[in-house]
Amino acid sequence: MVISALCEGNSIRSIERMTGVHRDTVMRLGIRVGEGCRQIMDTKMRGLSCKQIEVDEIWGFIGAKRKNADRVGAYGDVWTFIALDADTKLIPSFVVGKRDLYHTRAFMQDLAGRLLHRVQISSDSLRSYVEAADCAFGAEVDYGQVVKTYSFVTLGTAAASVRYSPAEVVKAEKTIISGKPDVNRICTSHIESQNLTLRMHCRRLTRLTNAFSRKFENFQAAVALNFAYYNFCKTHSTLRMTPAMAAGVENSHWTVAELIERCGE
C-alpha cells in the first residue's frame, strides 16, 4: 500500500496519515525499492527493437532551487533525461543529473547501448543533444529536432495565474540533424505528455508544492520507482496493456506486490 501510494503521487506525510506507517519507514522503503527498480530497469531494458524514440528533459530541484543552492549547500536544479518509444510508450532509458553536455552524453550513450536496430530520434532544440547523439550513435541514427519559438511576455505586472503559465508557442519548425528521418514523425508530443504523467505521479516533481528531495539518492530512487511502475505495472489507456508488454519485454502485467518482490523486499 505504501509503494502504491508513492507511485500514484501521494506525499510521504499523507501516506503516514493513511497507513499509520512512520514517515521515516516510508522514506527508507521507497529508497530501497527505488534502487531495486533502477536495477530492474537496467537489466530488462536491453536489446530493444524500438523504431521511434523521443527524448526530453524535465526539471526539478534537490534541497533548494538554483539561486539558493550555493548558500545552503544543496544540489540545486536537477534534470531527468527521459527516452520514450513513441509506438509502445516504453521508457527504455533515463539519466538524472545536470543539464550539461556530460549528462546529455551519458544519457545518449546509455540509450544507444539498449537499442538493437537503427532508430529515429526526435528531441527539442537543446544544443547538447546534437553532439551527444553524434558521440553515441555516430552515423547510425536518423535524428531530427522540433525547434519551437515562444512569445515574449513581460511578467512584472502579470497576475500570479499567468506567471506560472507556459509561454505561447508561436512557431514550431522541424529540422533534420542527421540521417534521413521521416519528417512527419519528428515529434516530441508523446514525451511531453509523459512529462506531465511523471509530474502527476511523482510528488517530488509536482510544481508549486513543498514536496521536494533533500538528497540526490532519494530523488533518483523516486524517479526510478515511478518509471518501473509505469513500464511494468500501469496499464496504458491507449495500448490497453503495459508498455513493457507492448514492447515485448514482458508477457504479463505486474502487480505492485510482484514489483516489490522482484526488488528483493
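Student: What makes Lys98 count as a charge over the face of Tyr75?
Tutor: The rule asks for NZ of Lys or CZ of Arg within 6 Å of the ring centre and within 35 degrees of the ring normal. Lys98 lies over the face of Tyr75 at 4.3 Å from the ring centre, so the distance is within the 6 Å limit. This is a predicted model: local features need pLDDT of at least 70, side-chain atom pairs count only at pLDDT 80 or more, and totals for chains, interfaces and linings use all residues. Residues are numbered from 1 along each chain as its sequence is written, and side-chain values use heavy atoms, leaving out hydrogens and water.

Student: Which ring does Arg99 lie over?
Tutor: The ring of Trp79, at 4.4 Å from the ring centre.

Student: Why is the pair of Trp59 and Phe61 called tilted?
Tutor: Rings of Phe, Tyr and Trp (its six-membered ring) pair if their centres lie within 6.5 Å; planes under 30 degrees apart are stacked, over 60 edge-to-face, and the rest tilted. By this rule there are seven aromatic pairs. Trp59 and Phe61 are 5.9 Å apart, centre to centre, with 35 degrees between the planes. That angle falls between the two limits, so the pair is tilted. Ring pairs also link Trp59 and Phe61 with Phe212 into a cluster.

Student: Is Phe61 buried or exposed?
Tutor: Buried means under 20% relative accessible area, exposed over 50%, partly exposed in between (1.4 Å probe, protein chains only). Phe61 has 15%, so it counts as buried.

Student: What makes strand β2 largely enclosed?
Tutor: Helices (H or I, at least four residues) and strands (E, at least two) are DSSP runs numbered from the N terminus. Strand β2 covers residues 76-85. In β2, 10 of the 10 residues are buried, so the strand is largely enclosed by the rest of the structure.

Student: How do you know that β2 pairs with β1 and β3?
Tutor: Two strands pair if DSSP finds at least two bridges between them. Nine bridges join β1 (residues 52-62) to β2, antiparallel. Here Phe61 stands opposite Asp77. Five bridges join β2 to β3 (residues 93-97), also antiparallel. Here Phe81 has Val95 as its bridge partner.

Student: How do you know that the span of helix α3 agrees with expectation?
Tutor: The expected span is 1.5 Å times one less than the number of residues. Helix α3 (residues 23-44) has 22 residues and should span 32 Å; its end C-alpha atoms are 31 Å apart, so the values agree. Its buried residues include Val26, Gly30 and Met41.

Student: What makes phi of Lys89 and Arg240 worth a check?
Tutor: Most residues other than glycine have a negative phi. Phi of Lys89 is near 65 degrees, a positive value; phi of Arg240 is near 60 degrees, also positive. Lys89 sits in the loop between β2 and β3, and Arg240 in the loop between α9 and α10. At 13% relative accessible area Lys89 is buried, whereas Arg240, at 74%, is exposed.
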